[in-house]
Amino acid sequence: MLTKRVALVGKPEVGKTTIKKVIFEGEDPNELVLFPLEATIGIKYSVHEFMDLKISLLDTPGQSLPILLKDEDKQLTTFENTGAIIYIFDYPTWISDSQDIIDDIKSLYEINKKHKFEAKLILFLHKIDLLIDKKIGSKLDLIRKQINRQLELPEDLTIYFTSLHPNLVYTIYNAISHTFSTFSEATVNLEEIIKKSMQNLTKTICFVSNQDRNLIVQVSSTDFDTSTLYYLYERIYEESKLSGETISVAKFISAGPKILYKLIVDLSSYNASFKNLLVFSETLQEEDLNNLVNNIKKALEQNSI
Amino acid sequence: MLKQVYIILNDKIIYHRSYSKGINASLLINVYLSIKSEAFSSIGDEIGIHDFFESRILYLADRDLNLLFLFVLGFSDDIETAKPLIKRLRNKFLDSFKDNMANVDFAAKNEEIKVFVDEIQRNFRVKISIVGLSGVGKTTITRLIKSEEVPTEHIPTITGKVATIKLEGVNLYLWDFAGQDQFDYLWEKFMTGSDAILLMTDSTQSNIEKSKNFINISSKAVPFARIAIIANKQDLPHAISIEEIENVIGQKTYAMVAIEPGSRDKMIRIIADLLDLNPDVSPLFKPIFERDMTAKNAQKALEEGNLKQAVMDFDKLYSLCNEIGDESKATEYKKKADKLRIFTI
C-alpha cells in the first residue's frame, strides 16, 4: 500500500485537532464545539487507511506555527516527504486579519519551494457556519477569488470551505476525501479519463463518489458556474442520505439558483474504490449526458485491459 | 438579538419561544445534555456562556429545582446586558410557578409565560441600521415605516433618527443616519451593536460605486451582522438592475421604490427575511412563511420526478418573491419554471 504523509498546520484554536478527531476518530462534532479540546502540544502522529492508501497524518501545534515558519530544522522534520500540507484558517480570523493569514500561506509556499518538498499546498477555510448569507454560493466564490488574488502566487491554490455544523459537516468529509484522493493512482487515472471525455463540453461538471459517498473526483468545464458548487454539494449529500434508488429517479437537480440536468451511474464494477459517477449540466440533456458516460466507461474498460 | 428562549425542567423543554432561526429543538436537547453537568455543578457561577456554531448560548441554572433557562443569542449581542434579563426571567417564572411546579401543566400556561418572555425580548433592542449616501431615500423609508408623511423635498438629516417597528413580541429599532460625507467618522460608531445593516442606494452607477465603502466599515464595526442592499428609486428610467448591483457590491439586493405606498410592508418583510424572523411574529410575514413551505415542496417534487407540480410551485414562488420585494429570487424561480415547463408538454 502506498503511504502518503499529510501535515495539518494553522494558527491556534482554528480546529486542526477537532477536524482530525471528527473525521478519523469518530468524535461528535457538537460535543467538541461545546467543550473545545485543549491546545495540542508537540506534533501528534497517526496513521489511517483511505481507499488504496495509507495516510500518515501530522497534527501540528498552532502555538508553534510562528517558530515552524522560521526554523529550518523544524521545517525539515515536519514537511520532509510530505504529500500535502493543509493550512487551516477560520472565517472570523479571515474577516479580522486577512493579511496575517496571507503571510502564513506565502511563507508555507516559499518553504515548500525552497526545500523542494514538492508537497501540495491546500487551504481549508473553516467555520463557514459563521458566514450567514442569503447568497452563500457566490459569497464563497468571491472569497476564493479574493484569496488567490491577494496571494499573488504563480498558480491558484485549492481552497475548501468547511464547517462542523450539523448541516454542513459533509464539507469536511468532501475536503479530506478529495485531498487524499489526489494521491491514489487509480483516482488520478480516472480524473484524466474524465477530463479527456469532457474536453468539448460546456457548463458541465462530473463527480465520482467512493463507497462512503464522499466525492473524490471533481472535473468541470471552464464555463461551469462555480457559485452553484456549494449548493450542489449540499444537494448531493442530501440525496445520498436517502436510499440508492431515489438518487436515480429524477432527471433534474435544483442547486441554489439553477436547475441542472443530471445523470448518475454506478462505476463500482470498474474499481471497488469507486461508487457513482455523477454528471450535472446546465445545458446538456439526456442524450449528450449518456454519450459522455459511455465514452468514460469505454475508456475505463480499455485502461483495465 | 434574542433569537430564542428555552426553559428546561427535569431534562424536558417546558417552554420555548423562537423569534428568529436559532438552534432547533432536537439539536438543543443534545446541547443541553452536554452543558448540563457544567450548568448544575455546585462550583462556579450559576450563569454561563457556550458558543455553539453561529449562536451564543447564555444559561442560568437553578440547581435545587433542576431548572435551566436558556437564551440563544447572536454574536453581536452584549452579554452584560443579557445577564440581568435572564435573571429577571428566572425571577418572574419562579414568582408564578415556584409553589406548585411539580403539578403545573406548562403547555396550558404557555400564554402566561409568553407575556413575560415577550417583555424581556423587548429589552433586547433589535438594532437595524440604515446606511447610505445622502439623498438615497433613507429618511423617506424610515418616515414611511413610522407612517409619517413622506417629504417631497429632500431635507438632509443631521445626526440620526430612530424609528420603532412594533411587531408581536418583537420591537425593531431602525436607525437612520446622516448620509452627509462630513459625518464619515461617526458611521462606524453608529453601526456598532447592529443586528442587521441595510445599505441603501439610489440605483445610479456612481452611488453604487461609492456605497461599497459602507460594506468595509460594517465588516469592521459589526462583522457578524447580516447585510442587505436596498436598491431604491428602481422606478427611475436609468436605474441599474438588481442583478448588476449584486454583482458589483457582492451582497443580496432588494428592489424598492420608497415613495410607493406598499413599500412599508415590503421593507418590514425584507427586514424579517434578513433576520430570519419567525413567521408567527407577525401576520405580515405570511408570504415569507408560504414561500419557505413552497420552496420545500418544489424541492421534493423535483426529487420525486413530479415535474408538473414542481413547475406549479416555481410559478407560485415567482409571485410570492415579487410580493416580498425579492426580485432576483423571483427571476431565479421564473427561469427554473420555464426550464422545466418544456418537459411537461
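How many Å separate the centres of domain 1 and domain 2 of chain A, taken over C-alpha atoms? The answer is 26 Å. Keep in mind that this is a predicted model.

**Domains of chain A**
- The domain assignment places domain 1 at residues 2-181 and domain 2 at residues 185-304.
- Where these domains touch, domain 1 of chain A brings 14 residues and domain 2 of chain A brings 17 residues.
- On the domain 1 side, helix H6 (136-151) and helix H7 (170-181) of chain A each supply at least two residues, and H7(A) has the largest share with 7 residues.
- By class, that side of domain 1 holds 5 nonpolar, 7 polar and 2 charged residues.

**Chain A meets chain B**
- This contact involves 21 residues of chain A and 24 residues of chain B.
- Helix H2 (29-34), helix H5 (91-114) and strand E9 (252-255) of chain A are the elements giving two or more residues to the chain A side; H2(A) gives the most, with 4 residues.
- The chain A side is made up of 13 nonpolar, 4 polar and 4 charged residues.

**A helix pair in chain B**
- Helix H10 (residues 307-324) and helix H11 (residues 327-341) of chain B have axes that come within 8 Å and cross at roughly 160°.
- H10(B) and H11(B) are therefore roughly antiparallel to each other, and their crossing is left-handed.
- Residues in this contact include Leu307(B), Phe314(B) and Tyr318(B) from H10(B), and Ala330(B), Tyr333(B) and Leu340(B) from H11(B).
- The contact residues of the pair comprise 11 nonpolar, 1 polar and 6 charged.

Terms used. Residues are numbered from 1 along each chain as its sequence is written. Chains are lettered from A and ligands numbered from 1 in the order in which they are written. This is a predicted model: local features need pLDDT of at least 70, side-chain atom pairs count only at pLDDT 80 or more; totals for chains, interfaces and linings use all residues. Two residues are in contact if their C-beta atoms, placed from the backbone, lie within 7 Å. Ala, Val, Leu, Ile, Met, Phe, Trp, Tyr, Cys and Pro count as nonpolar, Asp, Glu, Lys and Arg as charged, and the others, Gly among them, as polar. Axes are lines fitted to C-alpha atoms, for helices over the stretch in contact, and angles run from 0 to 180 degrees between N-to-C directions. Angles under 35 degrees count as roughly parallel, over 145 as roughly antiparallel, 65 to 115 as roughly perpendicular and the rest as oblique. A crossing is left-handed if the near helix is turned anticlockwise from the far one by less than a right angle, and right-handed if clockwise. Domain bounds come from an automatic or database domain assignment.
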